[in-house]
Amino acid sequence: MGCVFSLPKERQAAAARVTPQRETSFIEKMKKTNRNMVVFYGSQTGTAEEFCGRLSKDAQRYGMRGMSADPEEYDMSELPRLAEIDNSLAVFCMATYGEGDPTDNAQDFYDWMQENDEDLKGVNFAVFGLGNKTYEHFNAMGKYTDKRLEELGGKRIYDLGMGDDDGNLEEDFVSWKEQFWPAVCEHFGVEATGDDTSIRQYELVVPTDINMNKVYTGEMGRLKSFETQKPPFDAKNPYLATVAVNRQLNQSGDRHLMHLELDTSGSKIRYDSGDHVAVYPVNDVSIVNRIGQILDADLDTVISLNNLDEESNKKHPFPCPTTYRTALTHYLDITNPPRTNVLFELAQYATDPKDQDTLRKMASASPEGKGLYQSWVLDAQRNILAVLEDMPSLHPTIDHLCELLPRLQARYYSIASSGKVYPTMVSICAVVVEFQTSTGRTFKGVATNWLKNKVVVTDNGHKATVPMYVRKSQFRLPFKASNPVVMIGPGTGIAPFMGFLQERGWMKEQGKDVGETILYFGCRRRNEDFLYQQELEEFEKAGVLTQLNVAFSRDQEGKVYVQHLLKKNKEHLWKLIHTDNAHLYICGDARNMARDVQNTFYDIAEEVGGLTHTQAVAYIKKLMTKGRYSLDVWS
């Protein structure tokens, strides 16, 4: 896909980030507003934040009064003071990022847990972790938070929940929540109110005197930030880069693989080979219009959704005031299948009792309900529009729908160029996501289809732009240029290695002693999707690329993948790793390729290095610890 989910261990980005002004202590805020439950989230893509909001909203159904909190906005060293509040509870929804790392907003809290031995006696807690089983450090942050809070004397109210995004994260959360609340009721001696009515979090305000200069049109943070751009550029303040190049990479076949170049001249944005570029996509206009049509809504109405909880730091679900059209186009995720809480809240708007029952059943924790949600929503890839189309009796108000839908997230891609060679140009290599669903609809990936349609210069002479920022990564070439480098990147996994090759070539031109540079690339057919073939052959001719190994999986009878070619060259590879201090890099699909490649290296260590399987696993793990086996993978 090209979207990346690995994050640096040393956070240059975090250091550069300005810590938000900590308004007040969360303890004082809880006392002042008479709350006894706080739900903290460590969130990178918004899911943990969303789960956290659902828990704090549920609290009033179970005799608790909750608030949702970003640990970055509060002084977490106050956690021991939670014991001052009677019948209080802290819940943590913690996502794990990349190689077992905390999310950006939970980094300071993670450091505090590691560095402090505060006494958490009298502090009740529960943890739900969000992870992905295809990664080695599955749910590392959830596990660590749960273990560490207990070590510090905290009392665990309910068992650690572990969500797996490779399976069904939503189902994992709902199942955990169904057991968590009875445990809370039992521990605190409170009773569920039995009130399952919908609770609105925001109220709709339609301003009468509108100054259009004060209305958001897609900005992420500061109003008019796209008109007057000011560095530094980051997630809240992306840079509008001009699209300088947009070309198709594959010669034939049913897919569209593309190479884009984003011009960042004058932005002061710096990047290194191996970093990631984040882009903010825009939803498909036809889906937005169709939602407006079904709900009989005037999409150009200027609205504001204001938090009914005046003490909350989150005043609006997305930048307000804005129009429904802008919200559905720029701010809300309308393409992914809706989560169960959205279905539950929408059920009240279905005029057919059968539809009401179906929606509520899918949101329940019953095996039948879970099965129905899996088949009707997830497997069928029904987005919110498909749900509305296939349930004609369902007619929610558009403002409530906008309150419930999650935020549209930035998409991350491995940069396919070198900042040393192209300081003002950021390259992206991606494959357009498009497929037929079981309902006969066409599913189109939001970002890749939007990028595909970015014409360099439009008919009226306007240059296409992309809101973007750069995020640092730990995927780095060795400090010593003389170290050999082995790069394994099939498909769009080749992206960061184009940057690595440009940089090794640049070092060679500077007269540096550059070690062996070996690439293992894989695609379907030589004449179809051999990405960057010309550039790679030129790198080979220039002696920058000392060995180019390409696995064409479908050009012969038996399928050949990169791991088969690694096996063929096992003696040479073992020598590079064991005696020549080579650095290994793997980029691409986490679910199959990265795992298969890792198993191949175990085999090589056993067959050529004479190690036992246990020793081989330990050997590769040690390479990872030393930064000589690096992964940049996505699932």
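In this predicted model, Y413 is buried, because its relative accessible area is 1%, and the cut-off for a buried residue is under 20%. Y413 belongs to strand β14, which covers residues 411-414. The model also brings Y413 and A495 to a C-alpha to C-alpha distance of 8.5 Å, although 82 residues separate Y413 from A495 along the sequence.

For orientation, the UniProt record, an unreviewed entry, places a feature named "domain: FAD-binding FR-type" at residues 236-478.

A helix pair can be looked at next. Two packed helices are described by the angle between their axes and by the distance between those axes. Helix α7, made up of residues 285-294, packs with helix α8, made up of residues 324-331. The angle for α7 and α8 is about 140°, and their axes are 10 Å apart. The two helices α7 and α8 are therefore oblique to each other, since an angle counts as roughly antiparallel when it is over 145 degrees. The crossing in which α7 passes α8 is right-handed.

Which residues of α7 and α8 meet? From α7 come V288, N289 and I291, and from α8 come R325, L328 and T329. Sorted by class, this contact of α7 with α8 consists of three nonpolar residues, two polar residues and one charged residue.

Note on methods: Residues are numbered from 1 along each chain as its sequence is written. This is a predicted model: local features need pLDDT of at least 70, side-chain atom pairs count only at pLDDT 80 or more; totals for chains, interfaces and linings use all residues. Side-chain values use heavy atoms; hydrogens and water are left out. Helices (H or I, at least four residues) and strands (E, at least two) are DSSP runs, numbered from the N terminus. Buried means under 20% relative accessible area, exposed over 50%, partly exposed in between (1.4 Å probe, protein chains only). UniProt positions are given in the numbering used here, feature names are shortened, and annotations may be inferred rather than shown by experiment. Axes are lines fitted to C-alpha atoms, for helices over the stretch in contact, and angles run from 0 to 180 degrees between N-to-C directions. Angles under 35 degrees count as roughly parallel, over 145 as roughly antiparallel, 65 to 115 as roughly perpendicular and the rest as oblique. A crossing is left-handed if the near helix is turned anticlockwise from the far one by less than a right angle, and right-handed if clockwise. Contact means heavy atoms within 4.5 Å. Ala, Val, Leu, Ile, Met, Phe, Trp, Tyr, Cys and Pro count as nonpolar, Asp, Glu, Lys and Arg as charged, and the others, Gly among them, as polar.
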